[in-house]
Amino acid sequence: IDELLAEGVGGKRVFVRADLNVPLDGTVITDDGRIRAVVPTVKALAEAGARVVVASHLGRPKGAPDPAFSLAPAAARLGELLGTDVEFATDTVGESARTTVAALTGGQVAVIENLRFNPGETSKDDAERGAFADQLAALADVYVGDGFGAVHRRHASVYDLPARLPHAAGYLIANEVTVLKKLTEDVQRPYVVVLGGAKVSDKLAVIDQLLGKADRILIGGGMAYTFLKAKGYEIGTSLVQEDQIPAVIEYIERAEKTGVELVLPVDTLVAPAFPDLKTKAPAHPTAVAADAIPADQLGLDIGPETRKLYTSKITDAATVFWNGPMGVFEHPDFAEGTKAVAQALVDSKAFTVVGGGDSAAAVRILGFDEAAFGHISTGGGASLEYLEGKTLPGLAALED
Ligand code: 3PG
């Protein structure tokens with residue numbers, strides 16, 4: 001982007017592909033981290049006199065307008081953060097977008113409506129995606145990719161559009177790549193990875209890669225119960241992905257052979273039912289050993305012994321990468337595991353990277369100071385796929 005700014009963008013229509021996919025409670029943004037992350041790029045372009053067109057997806061609407069997924073709240077928040085009025089187009093490439101962009105003067109910013117309201121954005125069909133990219137290209141003279149959270153998606157605005165316009169990477173993408181490169185090319189040891197979240201299937205590829213790179217992998221969250229089941233434990237009614245058990249068994253064996261410490265919970269908090277996240281009514285959890293989960297209970301967080309164990313496993317690290325909450329942190333009865341891991345990262349002297357929409361949101365929602373972490377990535381799937389060593393369509397499109 002610095003080269004682009006040096007060339008001059010005054011009066012040019014610059015399309016900024018951001019990731020404004022923020023968590024919403026109705027129309028209230030519960031974590032604006034991703035919006036704040038794109039501000040430096042938008043600000044620099046606006047200050048240089050560009051006519052800035054910001055675009056993003058939000059959630060997973062079904063290729064048609066859906067008010068529940070409108071970007072209007074995100075556009076309003078961007079305006080507050082920039083301290084200026086931000087125009088909002090109520091469609092993506094229709095009349096509203098065309099007239100809004102045409103009316104922009106140098107230094108003004110507009111947000112267009114959710115890109116996924118158009119089926120061309122996510123289409124698997126190259127021609128359909130290309131046709132949508134053509135329509136988006138008609139709105140701009142230059143493309144700036146800064147939606148790091150979406151670079152793993154081969155979508156029209158991420159992959160096809162940069163091929164149609166002069167393009168550059170924004171500050172956010174440049175910074176994310178610099179940090180994640182450190183973890184893949186020049187990692188300081190001991191390198192400890194903490195993985196959580198609901199589904200083990202989302203994490204298998206990254207575990208596969210990390211078994212050759214990390215010194216220690218700590219497992220928590222919903223995915224831990226598939227590991228416990230793979231070890232032959234009874235897990236009651238806890239979340240499990242039966243079809244992933246053979247892969248998990250293979251990883252447990254491979255970790256033993258390669259000397260990677262694969263650490264599983266030794267205890268867990270259980271309750272008879274999933275807690276009510278709306279009322280946050282007390283769920284009365286009990287702590288039980290990981291191999292003694294009662295048949296009628298489900299695991300919802302790591303237990304107190306595991307909190308101590310994981311803290312001790314993080315303390316001496318030189319590098320920590322953490323992706324995925326340790327439990328259902330949205331409910332106060334099951335937030336302690338995630339808090340303990342976040343606190344261990346804060347207290348350690350290691351270079352700490354929090355990756356993932358959920359874990360990044362968790363540390364902010366639980367009240368931690370972002371500045372206490374080395375880096376909080378805006379990418380969930382994107383940061384994982386980067387660590388898996390995959391070619392990310394949105395980065396490849398910018399490099400060419
Ligand atoms: C994310 O939340 O990880 C990104 O915004 C990508 O969203 P997606 O998984 O719906 O493509």
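Which exposed residues does the face of α4 turned away from its buried side carry? That face carries Glu95, Thr99, Ala102 and Ala103.

## Basis of the model

The model is predicted: local features need pLDDT of at least 70, side-chain atom pairs count only at pLDDT 80 or more, and totals for chains, interfaces and linings use all residues. Residues are numbered from 1 along each chain as its sequence is written.

## Helix α4

Helix α4 spans residues 95-103, and its buried residues are Ala97, Thr100 and Val101. Viewed down the axis of α4, these buried residues fall within an arc of 95°, so they line one face of the helix. The arc is that of the directions from the helix axis to the C-beta atoms. Helices (H or I, at least four residues) and strands (E, at least two) are DSSP runs, numbered from the N terminus.

The cover over the buried residues of α4 includes β1 (13-17), β4 (51-55), β5 (86-89) and β6 (109-112).

## Nonpolar core

The largest nonpolar core has 123 residues. Such a core is a set of buried Ala, Val, Leu, Ile, Met, Phe, Trp, Tyr and Cys residues joined through C-beta atoms within 7 Å. Helix α2 (residues 33-47) supplies the largest share of this core, six residues. The residues with the most contacts inside the core are Val14, Phe15, Val16, Val52, Val53, Val54 and Ile217.

Leaving aside neighbours within four places in sequence, Val14 is in contact (C-beta atoms, placed from the backbone, within 7 Å) with residues including Leu45, Val52, Val53, Ala140, Val142 and Val144.

## Ligand shell

The ligand is surrounded by Asp19, Asn21, Arg60, Gly149, Ala150, Arg153, Gly357, Gly380 and Gly381, where a residue is near a molecule if its C-beta atom, placed from the backbone, lies within 6 Å of it. This shell divides into one nonpolar, five polar and three charged residues. In this scheme Ala, Val, Leu, Ile, Met, Phe, Trp, Tyr, Cys and Pro count as nonpolar, Asp, Glu, Lys and Arg as charged, and the others, Gly among them, as polar.

Asp19 is found in the loop between β1 and β2 (24-25). With 28 C-beta neighbours inside 10 Å, Asp19 counts as buried. Beyond four places in sequence, its contacts include Arg34, Gly149, Ala150 and Thr378.

## Annotated binding sites

An unreviewed UniProt entry lists a "binding site" that includes Asp19, Asn21, Leu58, Arg60 and Arg153. Leu58 lies in the loop between β4 and α3 (72-82) and is buried, with 23 C-beta neighbours inside 10 Å. Not counting residues up to four places away in sequence, Leu58 touches Leu20, Asn21, Phe69, Leu71, Ala74 and Asn114.

A further "binding site" annotation from UniProt (unreviewed entry) covers Lys203, Gly299, Glu330, Gly356, Gly357, Asp358 and Ser359. UniProt annotations may be inferred rather than shown by experiment. Lys203 occupies the loop between β9 (191-195) and α8 (204-210), whereas Asp358 belongs to helix α13 (residues 357-365). Lys203 is buried, with 23 other C-beta atoms within 10 Å; Asp358 is buried, with 21. Apart from residues up to four places away in sequence, Lys203 touches Leu195, Gly197 and Met223, while Asp358 touches Gly197, Gly324, Pro325 and Gly380.

How values were computed: A residue is buried if 20 or more other C-beta atoms lie within 10 Å of its own, exposed if 12 or fewer, and partly exposed in between; C-beta atoms are placed from the backbone. Two residues are in contact if their C-beta atoms, placed from the backbone, lie within 7 Å.
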